[in-house]
Amino acid sequence: MKTPTAPTKLGPKGRKLWNSIAGKYVLRADEMRTLEDACREADLIEKMEKEHLTAALIVKGSQGQPVINPLVSELRQHRATLGALLKSLKLPDEVEAAAAEGRSTAARNAANARWGKRTG
């Protein structure tokens with residue numbers, strides 16, 4: 001399967017996210033749009049995180065009082081948005097799927113061992 005072309009002007013994080021999903025799953029047009037939005041969110045979060053590294057945690061508020069840097073809550077909100085976008089794609093959880101497959105195999109083997117030894 002050929003990976004669909006990534007949207008223009010994606011940054012490194014967004015492009016990596018695009019390739020990891022679009023290269024593995026077949027998505028409908030609406031899901032492709034959601035993935036694009038998620039990729040752009042990932043890029044925005046990366047830019048905000050870089051800015052946050054050098055920014056003060058406490059800044060002056062509108063009345064001169066010390067307040068937490070608004071960048072902190074913006075980062076939290078954008079991370080939540082990214083999580084919601086990715087969740088809305090309803091991609092399978094590979095770890096969970098592998099664990100379920102392992103449980104199914106183990107259960108099948110146990111049932112075969114138990115019932116296979118039965119004689120009439």
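Trainee: In which helix is His78 found?

Mentor: His78 is found in helix α3. Keep in mind that this is a predicted model.

Trainee: Is His78 buried or exposed?

Mentor: Look at the relative accessible area, and call a residue buried if the value is under 20%. His78 has 17%, so it is buried.

Trainee: Which residues does His78 touch, not counting residues up to four places away in sequence?

Mentor: Leaving out those sequence neighbours, His78 touches Glu41, Leu44, Ile45 and Met48.

Trainee: How do I read the helix itself? How many residues does α3 have?

Mentor: Helix α3 runs over residues 70-88 and has 19 residues. From its first C-alpha to its last it reaches 27 Å, close to the 27 Å expected at 1.5 Å a residue.

Trainee: Which residues of α3 are buried?

Mentor: Leu71, Leu75, His78, Leu82 and Leu85 are buried in α3. They cover an arc of only 90° around the axis, which puts them on the same side of α3.

Trainee: Why do residues three or four places apart point the same way?

Mentor: An α-helix has 3.6 residues a turn, so residues with that spacing point the same way.

Trainee: What do the buried residues of α3 pack against?

Mentor: They pack against α1 (12-22) and α2 (29-54). The face of α3 turned away from its buried side carries the exposed residues Arg76 and Lys87.

Trainee: How should I read a residue that is neither buried nor exposed? Where is Thr81 found?

Mentor: Thr81 is found in helix α3. At 36% relative accessibility, Thr81 counts as partly exposed. The C-alpha atoms of Thr81 and Ala38 are separated by 8.1 Å, and these residues are 43 residues apart along the chain.

Trainee: Which residues is Glu49 in contact with, leaving aside its neighbours within four places in sequence?

Mentor: With those neighbours set aside, Glu49 is in contact with Leu75 and Arg79. Glu49 is found in helix α2 and counts as partly exposed, at 32% relative accessibility.

Trainee: Now salt bridges. How many does the structure hold?

Mentor: The structure holds five salt bridges. To find one, look for a side-chain nitrogen of Lys or Arg within 4 Å of a carboxyl oxygen of Asp or Glu. Asp37 forms one with Arg33, the closest N and O atoms being 2.9 Å apart. Asp37 and Arg33 are four residues apart in helix α2, so they are separated by about one helical turn. Asp37 counts as partly exposed, at 26% relative accessibility.

Trainee: Which residue does Arg40 meet in a salt bridge?

Mentor: The side chains of Arg40 and Glu36 meet in a salt bridge, at 3.1 Å from N to O. Both lie in helix α2, four residues apart, about one turn of the helix. Arg40 is partly exposed, with a relative accessible area of 32%.

Trainee: Backbone angles next. What is the phi of Lys9?

Mentor: Phi of Lys9 is near 60°, a positive value in a residue other than glycine. Lys9 is found in the segment before α1 and is exposed, with a relative accessible area of 79%. Lys90 also is not a glycine, and has a positive phi of about 55°. Lys90 is found in the loop between α3 and α4 (94-116), and is exposed at 72%.

Trainee: Which residues make the nonpolar surface patch?

Mentor: Leu57, Ile58 and Ile68 make a nonpolar surface patch of about 290 Å². Of these, Ile58 lies in strand β1 (residues 58-60).

Trainee: What pattern does the protein follow along the sequence?

Mentor: The pattern is α-α-β-β-α-α, and the secondary structure comes to four helices and two strands. Buried residues make up 27% of the 120 residues in the protein.

Methods: Residues are numbered from 1 along each chain as its sequence is written. This is a predicted model: local features need pLDDT of at least 70, side-chain atom pairs count only at pLDDT 80 or more; totals for chains, interfaces and linings use all residues. Side-chain values use heavy atoms; hydrogens and water are left out. Patches are made of residues with over 30% relative accessible area and no salt bridge: like charges are joined within 9 Å, nonpolar side chains (Val, Leu, Ile, Met, Phe, Trp, Tyr) within 5 Å. Accessible areas come from the Shrake-Rupley method with a 1.4 Å probe; for residues, only the protein chains shown count as cover. The expected span of a helix is 1.5 Å times one less than its number of residues. Buried means under 20% relative accessible area, exposed over 50%, partly exposed in between (1.4 Å probe, protein chains only). The arc is that of the directions from the helix axis to the C-beta atoms. Contact means heavy atoms within 4.5 Å.
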